[in-house]
Amino acid sequence: MFVFQGGGALGAYQAGVYEGFAEHNIHPDWMAGVSIGAINAALIAGNTVEHRLQRLQDFWTRVSSAIPITPPSYLDPWRLLLNRLSSTATATFGVPGFFSPRFPGPIFASDGTPETVSLYDTTPLRETLLELIDFDLLNTRAIRLSVGAVNVRTGNSIYFDNRDPNLVFTPEHIMASGALPPGLPAVRIDDEDYWDGGIVSNTPLWYVLDDDPHLNAMIAQIDLFSARGERPQNLDEVLERQKDIQYSSKTRFNTMRAKEMEELRHALGRLLEKLPAKLRDDPDYKLLAPQCEDKRQITIAHLINRRFSTTTNAKDYEFSRATVRELWEAGLDDIRRTCAHREWLRAREVADGVRVFDLTR
């Protein structure tokens, strides 16, 4: 299964990772994602194997079409400035096939209307999703899809999951996962409003691990923000570093939580074995014993997008063609190098039955 973090334009890295896995005929049976990770996940789960890569390419080509040029190498010293101009263009004019600015702006609209609670309109994204995703196929549940959002009213995290027999996936479920305020508007589903799931947790690993106490799986976790980084040297780097820590912190928490839960499960199993036979008909024993019977075998293959020297704190909305291409190629290259250098595949066992491979060194 693939677990995709949110991160806006950085999501092109995940598309490159998928291409690398596809080259080695590795295909997921479960996709879980948040925000841009939910869009990438839906593009994969909502298409047949032979069409997935093309649909990813179609999406990322479209959203990077506002600045479709790739600067020649002799302009590399100016690349940081060009990236700043690109992110400014995104903020001003929006992203093709994704979102467009509202005119007039929110200050001229009446309270409670869509125009006053967000800066951009995401109607273009809905049209893009309808074009690039086969929702009939998605709702056959051939591949499981889980996308994270947060309920605006309650503040609770929720996952829309096509394993739910009462759920029919629509573009709105995917849009809800990526509705990051105040830029993008909340998405209404069944009389409730939803925002980007990354507000609560940008990494859907916890949802996957909580799904089944007997889960046996190989999980490819593709993160877009790195928890580790250099000491900032200026204000822009401070803002970038803050964003990295904010949106990556749940990764470490989830790995440690998996370790603690497995240790508790094994301890409970040892304790139940010490109980006298007369207690084994007790309802509490019968409730707890099945949780300890099977040893989980979970392998987490962890890839992390690393910052480029030309990135800024606006890297998650810098959608130029040159940057999108670099991110895609970085993801593809990480998988190719991993498969070419097997010594990198040295797992650290964080708990009995839970192993983690750090594929990005």
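Student: Which residues line the second largest cavity?

Tutor: In this predicted model, the second largest cavity has a volume of about 30 Å³. Its lining divides into six nonpolar, two polar and no charged residues. The lining residues are Thr122, Leu125, Met175, Gly178, Ala179, Leu184, Pro185 and Val187.

Student: How many cavities of 30 Å³ or more does the count give?

Tutor: The largest cavity holds about 90 Å³ of space. With 30 Å³ or more as the cut-off, the count comes to two.

Student: Which element gives the most residues to the lining of the largest cavity?

Tutor: The lining of the largest cavity includes Arg79, Asn83, Thr323, Glu326 and Leu327. The elements that give two or more residues to this lining are α4 (79-93) and α12 (321-340). The element that gives the most, with three residues, is α12.

Student: How many residues of the lining of the largest cavity are charged?

Tutor: Among the lining residues are Leu10, Phe308, Thr310, Thr311 and Thr312, together with Lys315 and Glu318. Three residues of the lining are nonpolar and five are polar. The number of charged residues is four.

Student: Why is helix α2 described as largely enclosed by the rest of the structure?

Tutor: A residue counts as buried when its relative accessible area is under 20%. The buried residues of α2 include Ile36, Asn40, Leu43 and Ala45. Helix α2 spans residues 36-45 and is largely enclosed because its buried residues number 10 of the 10.

Definitions and conventions. Residues numbered from 1 in each chain as written. Predicted model: local features only at pLDDT ≥ 70, side-chain atom pairs only at ≥ 80, totals over all residues. Heavy atoms only, no water. 1 Å grid on protein atoms, 1.4 Å probe; cavity = no way out; pocket = protein on both sides within 12 Å on 5 of 7 lines; lining within 4 Å. Points joined across faces, edges and corners; volume = space filled by probe spheres on them. Helix = DSSP H or I, 4+ residues; strand = E, 2+ residues; numbered from the N terminus. Nonpolar A, V, L, I, M, F, W, Y, C, P; charged D, E, K, R; others polar. Buried < 20%, exposed > 50% of the residue type's maximum accessible area, 1.4 Å probe, protein only.
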